[in-house]
Amino acid sequence: MSLASGARPRHDTVELLTGLLVMAALAALLALAILGRHQSGSDGYALRAVFDQIDGLSVGSEVKLAGITVGHVTAETVNPKDFRAQVTFTVRDGINLPTDTAAIVTSDSLLGGKYIALSPGGDDASLKPNQMVGQTQGSISLEQLLSKFIFSVTDNLNKSKGSGGKTPDAGP
């Protein structure tokens, strides 16, 4: 009996060490995943843009041109004077964007993450590093669109009930 009771503490120690090792490995993988997503590449040049609304856009979000990722968002700040969002992002070297390029905050799908879509213009001059993109369109809130749709349907139903269902163009 003393042999069986003496083996139990060693078995518990092995289980405890195995559990700790698994937890450490999971923590390391999680840290790599988080750091890898927000890691900004040194290649490319920085541009800035000001938006009214950037819901869902965050540091590390992609910047796409023609559907291809050409950079990442590196910083987001709020201008205390006009309360608009200023976003700094990188664009891969070798991509010379015209000065009339537009930056649009959009999403992959209804539930997807936000990114900046670049729409180049036709100007001959190119944007320089740290220059401001002049034409921007902020993100469109799905909740606001649904709210407007619901209220417009409700208003139309109320108007049709108020007129008794008759149309103004109905003849005698």
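Predicted model: local features only at pLDDT ≥ 70, side-chain atom pairs only at ≥ 80, totals over all residues.
User: What is the strand order in the open sheet?

Analyst: The order is 7-1-4-3-2-6-5-8. That makes an open sheet of eight strands, with mixed pairing.

User: Which strands stand at the edges?

Analyst: Strand 7 (132-133) and strand 8 (135-137). Each has a single partner strand, so one side of each is left without a neighbour in the sheet.

User: And strand 6, is it enclosed or open?

Analyst: Strand 6 covers residues 114-119, and five of its six residues are buried, so the rest of the structure largely encloses it.

User: How does strand 6 pair with strand 2, parallel or antiparallel?

Analyst: Parallel. Three bridges join strand 6 to strand 2, which spans residues 62-65. Lys-64 has Ala-117 of strand 6 as its bridge partner.

User: How many bridges with strand 5?

Analyst: Six, and the sense is antiparallel. Strand 5 is residues 102-107. Ala-103 has Leu-118 in strand 6 as its bridge partner.

User: Switching to the core. Which residues touch the most other members?

Analyst: Phe-89, Val-91, Leu-97, Ile-116 and Leu-118. The largest nonpolar core has 22 residues.

User: Which elements give two or more residues to this core?

Analyst: Strand 1 (45-51), strand 2, strand 3 (68-78), strand 4 (85-91), strand 5 and strand 6.

User: What is Phe-89 in contact with, leaving aside neighbours within four places in sequence?

Analyst: Its contacts include Tyr-45, Leu-47, Val-63, Val-73, Ile-116, Leu-118 and Val-133. Arg-48, His-72 and Thr-74 are also among them.

User: How many aromatic pairs?

Analyst: The count comes to zero.

User: Back to Lys-64. Buried or exposed?

Analyst: Buried. Its relative accessible area is 15%, and the cut-off for buried is under 20%. That is why Lys-64 counts as buried.

User: Where does Lys-64 lie relative to Tyr-115?

Analyst: Over the face of Tyr-115, at 4.6 Å from the ring centre.

User: What else is Lys-64 in contact with, beyond neighbours within four places in sequence?

Analyst: Besides Tyr-115, the contacts are Thr-69, Val-70, Asp-108, Ile-116, Ala-117 and Leu-118. Ala-117 is also the bridge partner of Lys-64.

Key:
Residues numbered from 1 in each chain as written. Heavy atoms only, no water. Buried < 20%, exposed > 50% of the residue type's maximum accessible area, 1.4 Å probe, protein only. Helix = DSSP H or I, 4+ residues; strand = E, 2+ residues; numbered from the N terminus. Pairing = 2+ DSSP bridges. Core = buried A, V, L, I, M, F, W, Y, C linked by side-chain atoms within 4.5 Å. Contact = heavy atoms within 4.5 Å. Phe/Tyr/Trp six-rings, centres within 6.5 Å; stacked < 30°, edge-to-face > 60°. Lys NZ or Arg CZ within 6 Å of the ring centre and 35° of its normal.
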